[in-house]
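Please keep the sequence and the model at hand while reading.

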Amino acid sequence: MSSLPRLRGTAGTASLLAFVGLLYVLPVIMIVYGAFRTAAPGLPGEWSMDGFLEAFSDARTYSTLGNSLWLAVATGIGATSLAVVFAWIVSRTNAGLRRLVTPLMVVVLAMPPLFFSLSWNLLGTPKFGLINQLLGAIGLPDTLLSVGGRWGTWFVLCLKICGLGYFILIGPFLAMDRRLEEASLVAGGSRLATFVRINVPMMAPAVLGAFIINFIIGLIAFDVPLIIGKPSGFQVLATQIYAFVTNDTPPNYAAASALAMVFILAVVVLVAIKWRLLDRRQFTTLSGKGARPEPWDIGRWRWLCNSFVLAYAVLAVALPTVQIVLGSLQPLFGVQQGYSLDNYRALLADPTVAPALWNTAQLAFFGGLLAVAISLLLGIVGRHASVGLRRTLELATWLPWAAHGIILGLALVWAFLTVPFLKPLFGTVWIVLLGLVIASTPLASRTTDAALAQVGRELEESARVSGASALRTAVGIVTRLILPACLAAWVITAIQIAGNLEVPVLLSLPTNETVAVMVYQLNTRGETVQAAALFCLVLGAAALGALLLALGSGLRRLWRRRLAQPPSIVAEPLPVAAGRPAAEIAAATHVNSRSRTDLLLGDE
């Protein structure tokens, strides 16, 4: 009988590892497999090193690799710095515009990279771009701004992806114990010194996770370098991989997969660095002793924070949105020849638009939910597992980030065609959902892992001592404490799924295509104005959803505020001289006192 729990634990661990291996490890293995094959996915071929020879004997590989590394480092620093500043403004200051930050980030993340890049490419066009036209209207040269090349790619990419880091950081920043800041201020530290020495070090897991995500996105970035950088001669590794697949006849999948292995190596190295730097440090900020965080009164410096938020709103939302909206109303994208609603009428008359919108909504909702649920499960299991198992689970959830989007799509095709029980599902909406969950789990895991790192173990230990099961502790204590971070992870993951192109374009059929696929098809057919109109419809739906979510959150807070009543703690004075026993005194003075763990568990 004593071996039964151990047997169950071993069987459970083996099942979990098999599940993780099938979802996250197998696609990456297929990338390595494809690098040594001479045939396309699903076709018979031979083993060969030709892919590596062709990829690494090309002189362009080393220049594009250098450009990719530069863009990754610069984007990681720039986008993460923006995310830290915005998270601090929202969680720790009384700046008037701080409530606009979260809706702004949702809108920016909802914009597909393709149209964000197109918008900025048009905005920075000399003479004809909207920004240059505005500069010309105030007497400045209308050729002053030209977005392109290395720095233009970096600037546009940082604007686009800093929201990912913001949603990872905002939960931990809101949950940080205010007493740590108060101790720093009492010791004579300034607000800035407190932010640098207290906030940032305590947020190290979340900040490092955001940096690694931004670094990898900068490394594998494709849309922005293709549209902004390539016309000016700035090419990266991802555009070269794309060229191997699309420009070569027949497509050189082996060389593309060989270059994709660079991404795998980069992810493994970054995760190893994270383990080395952070695994032995403690970052608990949620414990049994509660402290409600209050915003700082930053006085006259509020104008600086408000200006920072306003500048981001103009650069990342207002100008690109105006450019896209104007383009959707024009007969030719970027050319002012009159405005009309003809493009919207054409879309509403197209019978394929409504099914694509419905498919996208379903995939985003359920895919985001599944990705967060899997991430939370792996995070909680890894929290109590051995070092080896925890690192195995963590590395597995990082691996899908190692592949460029097109390569990840090809890897999923290889994987699904290889596994017998998955092959019949190929081309159905279920296989598209599974592929999107695999592609988005790394992002959801980074958010949930950062939140889990802040929950003190004593809360779980108190619950177990009080008689709660492991499941009830995980759901009633841990999950409830990090619920805001889980909801944020759900929102951001759903948005990313809705805008994902690489997975559904390779795994879906015309009967279950998404909005991203339809936008891509419209753009490739030269119908950019209708693609812009379709994007405006999606943007409007996302804005409406964000408004309803904010309204519901406000009503919930108002309802809780009305129902909230201060707890009544009655302690009857019972002097010892009254002759009452000590046990009776102790029982009477303990009336209505409950621990925080009991409150979280909902015990009466």
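Which exposed residues does the face of helix 20 turned away from its buried side carry? They are Glu461 and Val465, where exposed means over 50% relative accessible area, buried means under 20% and partly exposed lies in between, with a 1.4 Å probe and protein chains only. This is a predicted model, in which local features need pLDDT of at least 70 and side-chain atom pairs count only at pLDDT 80 or more, while totals for chains, interfaces and linings use all residues. Residues are numbered from 1 along each chain as its sequence is written, and side-chain values use heavy atoms, with hydrogens and water left out.

In helix 20, the residues Leu459, Glu460 and Ala463 are buried. These residues lie on the same side of helix 20 because they cover an arc of only 95° around the axis, the arc being that of the directions from the helix axis to the C-beta atoms. After helix 20 comes Gly467, which has a positive phi near 105°.

| Helix | Residues | Buried residues |
|---|---|---|
| Helix 20 | 457–465 | Leu459, Glu460, Ala463 |
| Helix 21 | 470–481 | Thr473, Ala474, Gly476, Ile477, Val478, Thr479, Leu481 |

The axes of helix 19 (residues 429–452) and helix 22 (residues 483–499) come within 9 Å and cross at roughly 155°, which means that helix 19 is roughly antiparallel to helix 22, a term for angles over 145 degrees.

Note on methods. Helix = DSSP H or I, 4+ residues; strand = E, 2+ residues; numbered from the N terminus. Expected span 1.5 Å × (residues − 1). Axes fitted to C-alpha atoms, helices over the stretch in contact; angles between N-to-C directions. Parallel < 35°, antiparallel > 145°, perpendicular 65-115°, else oblique.
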